[in-house]
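Work through the exercises below with the sequence and the model side by side. Try each task before reading its solution.

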Amino acid sequence: MTKKPLPFELHNDFAQRLPQMVTASRGEEQPVPRIVALNEHLAAELGLDPDWLRSEDGIEFLLGRGAVTPHAMAYAGFQFGQYNPAMGDGRALLLGEVTGPTAAHNPTGLWDLHAKGTGLTPYSRYGSDGRGTLRSMLREYLFSESMHALGVPTTRSLAVLATGRPIQRQMVEEAGVLVRVAASHIRVGSFHFAAHSQVPGLLQRLAAYTSERHYPGADFRELFTHVMEAQAATVAGWMQLGFIHGVMNTDNTTLSGETIDYGPCAFMESYDPNTWFSSIDTQGRYRFGRQPDMLGWNLARLVESLLPLIDDSPDTALTWAQEAIDTFADRFEKARRVEALQHLQLPEELFQDYNAALVQAAPDLTQANRSLVSAAAGEPAAAYELLKDRSFVDAYCASSPDAVLLERTVPRVIPRPRLVESALGDAEEFARLLHATTHPFDAAPEYEQPGGTEGYLTYCGT
């Protein structure tokens, strides 16, 4: 059957500009594909017709089987500290790019459409079937849209499709496909791949393209410092909310600063820097309190890949790189304090006291933050009880925080672990939880209470 042309303009900018970093590939045929979640608001922002996306041609496009051939993207990566030179999109396809609104991390307004779970590609690893569970795709849809609503830079979710295909994971489940939207899918691992390739000039062309797309006018040194700042701000946002990514490998660290790949992620309830839930992180490498250090480690691996572009002299390049990395700790600390000031109106002189109170009292983090809103409104009892530090609470109240503004910056609702798992098998409950978590500052009492995390584990869904 002849494929009809797309009713919108689809670009292949990355594939055309960097052909050595992609391989043409198509999604596999699906038995009974259907859309189970469609982000109509995001579709409209990108100039995509929701009715067409729901059509047979639209579904084929979203599955990587449309009129324009998609591409699997190449990259390498340090996975749990071990370098893997042969990675890439093993179960995903870059469908192309569309032009939409600009953003701080996307000044060009060019947005990737990227489908995950579409089947085997030339980069699929041994033992992979190129698929993922429907539950894991719905989970990423929920988390990414929640993070966007919470103001943390993130990839977005356009659609989740069920395929009608049973697959074996922890149990037999239906497979699904997620179509996500990103300022780009350029990762730290993309630079590892380019730096180790035998293609002349590929690293320089990738760096120039990345600067052009995300940080116009930046030279290669400025590119690195921009990425450092962007990622520091993003992970500071995670820390403010109690978010644990779960798999902070270099292939999951973007140059745009967006949060990407919501696999074994979760939000913490009782505050403990040693918290992690990922079933594949057996040593807690990516536990909550270690995330800033792991970001610094990943950025060090990025600047190693950039060394040939920093200076013609290897010694000069290495010296600059070390000096740049040495600034990361201060940059991140500044980002954390900015987050606390912007969202909690927490004065800088109280920042350490607040964190000490969290560690000592181990409260539910979301409720502890909300208790400061009540304290600012003249009702400190909950803050006294949760933080167990009257002197800190009194000092915070004395700083005259604006309770009205805090209502719009301190969330009531996050995707709590037990609530998420309960919603994934119930379409109506999923819709209710999605609405609550994408309106996180509105009252939703049924979703504001801790559900407990004892024995809780998360899985990547592959």
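**Exercise 1.** Is Phe14 buried or exposed?

*Solution.* The model is a predicted one. Phe14 has a relative accessible area of 3%. Buried means under 20%, so Phe14 is buried.

**Exercise 2.** Decide how the rings of Phe14 and Tyr209 are arranged, and say which parts of the chain they tie together.

*Solution.* Step one is the overall count, which comes to 19 aromatic pairs. Step two takes one of them: the ring centres of Phe14 and Tyr209 are 5.7 Å apart, and their planes stand at 75°. Planes over 60 degrees apart count as edge-to-face, so the pair of Phe14 and Tyr209 is edge-to-face. Step three places the residues: Phe14 belongs to helix H1 (residues 13–17) and Tyr209 to helix H7, so the pair ties together parts 195 residues apart in sequence. Step four checks Tyr209, which counts as buried at 3% relative accessibility.

**Exercise 3.** Describe the ring pair formed by Phe328 and Phe332.

*Solution.* The centres of Phe328 and Phe332 are 6.0 Å apart, with 35° between the planes, and the pair is tilted. Both residues lie in helix H11 (residues 328–344), where they are four residues apart, about one turn of the helix. Phe328 has a relative accessible area of 8% and is buried. Phe332 is buried as well, with a value of 7%.

**Exercise 4.** Work out how H6 and H7 run relative to each other, and list the residues where they meet.

*Solution.* Two packed helices are described by the angle between their axes and the distance between the axes. The axes of helix H6 (residues 188–196) and helix H7 (residues 202–214) come within 7 Å and cross at roughly 150°. Angles over 145 degrees count as roughly antiparallel, and H6 and H7 are therefore roughly antiparallel to each other. On the H6 side the contact holds Ser190, Phe191, Phe193, Ala194 and Ala195, which meet Leu202, Leu203, Leu206, Ala207 and Thr210 of H7. Sorted by class, the contact of H6 with H7 has eight nonpolar residues, two polar ones and no charged ones.

**Exercise 5.** Find rings that have a charged end over them, and name the members of an aromatic cluster.

*Solution.* Start with Tyr75: the charged end of Arg187 sits over its ring, 4.5 Å from the centre. Next take Trp297, whose ring has the charged end of Arg301 over it, 4.5 Å from the centre. Last, one aromatic cluster is formed by Phe143, Trp238, Phe243, Tyr262 and Phe267.

Key. Residues are numbered from 1 along each chain as its sequence is written. This is a predicted model: local features need pLDDT of at least 70, side-chain atom pairs count only at pLDDT 80 or more; totals for chains, interfaces and linings use all residues. Side-chain values use heavy atoms; hydrogens and water are left out. Axes are lines fitted to C-alpha atoms, for helices over the stretch in contact, and angles run from 0 to 180 degrees between N-to-C directions. Helices (H or I, at least four residues) and strands (E, at least two) are DSSP runs, numbered from the N terminus. Angles under 35 degrees count as roughly parallel, over 145 as roughly antiparallel, 65 to 115 as roughly perpendicular and the rest as oblique. Contact means heavy atoms within 4.5 Å. Ala, Val, Leu, Ile, Met, Phe, Trp, Tyr, Cys and Pro count as nonpolar, Asp, Glu, Lys and Arg as charged, and the others, Gly among them, as polar. Rings of Phe, Tyr and Trp (its six-membered ring) pair if their centres lie within 6.5 Å; planes under 30 degrees apart count as stacked, over 60 as edge-to-face and the rest as tilted. Buried means under 20% relative accessible area, exposed over 50%, partly exposed in between (1.4 Å probe, protein chains only). A charge sits over a ring if NZ of Lys or CZ of Arg is within 6 Å of the ring centre and within 35 degrees of the ring normal.
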